[in-house]
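The tour below goes from one selection to the next.

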Amino acid sequence: AFPEGVVADPEKYFVEITEVPSNASQFVIQGLHPGLQYLFQVRAINRYGKGIWSESALPIKTPDGQAPSKILNLSAPNLYRSFITLQWDPAEENG
């Protein structure tokens, strides 16, 4: 995941993810920002050291996002002295 406000420019910012299982052939990268382009490389690491980085993959751009939809039909079906339950219709998917 990238720190808040960081633009993932490959010339300026690099993140190494080390918690990938040794037998993995795929991995989900969390925390990417919508509408940005990313480059990924991989390398093997074992008890003898670190391997050579792969060639850069094709640039991959995340889909543009949008603001979540407006919450509709907000209600409070349960009111108690120490808590309240709020309920609403599911928001539209926002990418």
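A polar contact is a pair of N or O atoms within 3.5 Å; within protein, one atom must be able to donate a hydrogen and the other to accept it, and residues adjacent in sequence count only if both atoms are side-chain atoms. This is a predicted model, in which local features need pLDDT of at least 70 and side-chain atom pairs count only at pLDDT 80 or more, while totals for chains, interfaces and linings use all residues. Residues are numbered from 1 along each chain as its sequence is written, and side-chain values use heavy atoms, with hydrogens and water left out.

Select T62 and G35. The T62 side chain reaches the backbone nitrogen of G35 at 3.0 Å. T62 lies in the loop between β4 (60-61) and β5 (75-79); strands are DSSP runs of E, at least two residues, numbered from the N terminus. With a relative accessible area of 14%, T62 is buried (under 20%; exposed is over 50%, partly exposed in between; 1.4 Å probe, protein chains only). Beyond residues up to four places away in sequence, T62 touches L32, H33, P34, G35, L36 and Y38, a contact being heavy atoms within 4.5 Å.

Next, select K61 and D64. Their side chains meet in a salt bridge at 3.1 Å, N to O (a side-chain nitrogen of Lys or Arg within 4 Å of a carboxyl oxygen of Asp or Glu). The structure holds 1 salt bridge. K61 is partly exposed at 49%, and D64 is exposed at 58%.

Finally, select L58, in the loop between β3 (49-50) and β4. L58 is exposed, at 71% relative accessible area. Leaving aside neighbours within four places in sequence, L58 is in contact with Y38 and L39.

Terms used
Helices (H or I, at least four residues) and strands (E, at least two) are DSSP runs, numbered from the N terminus.
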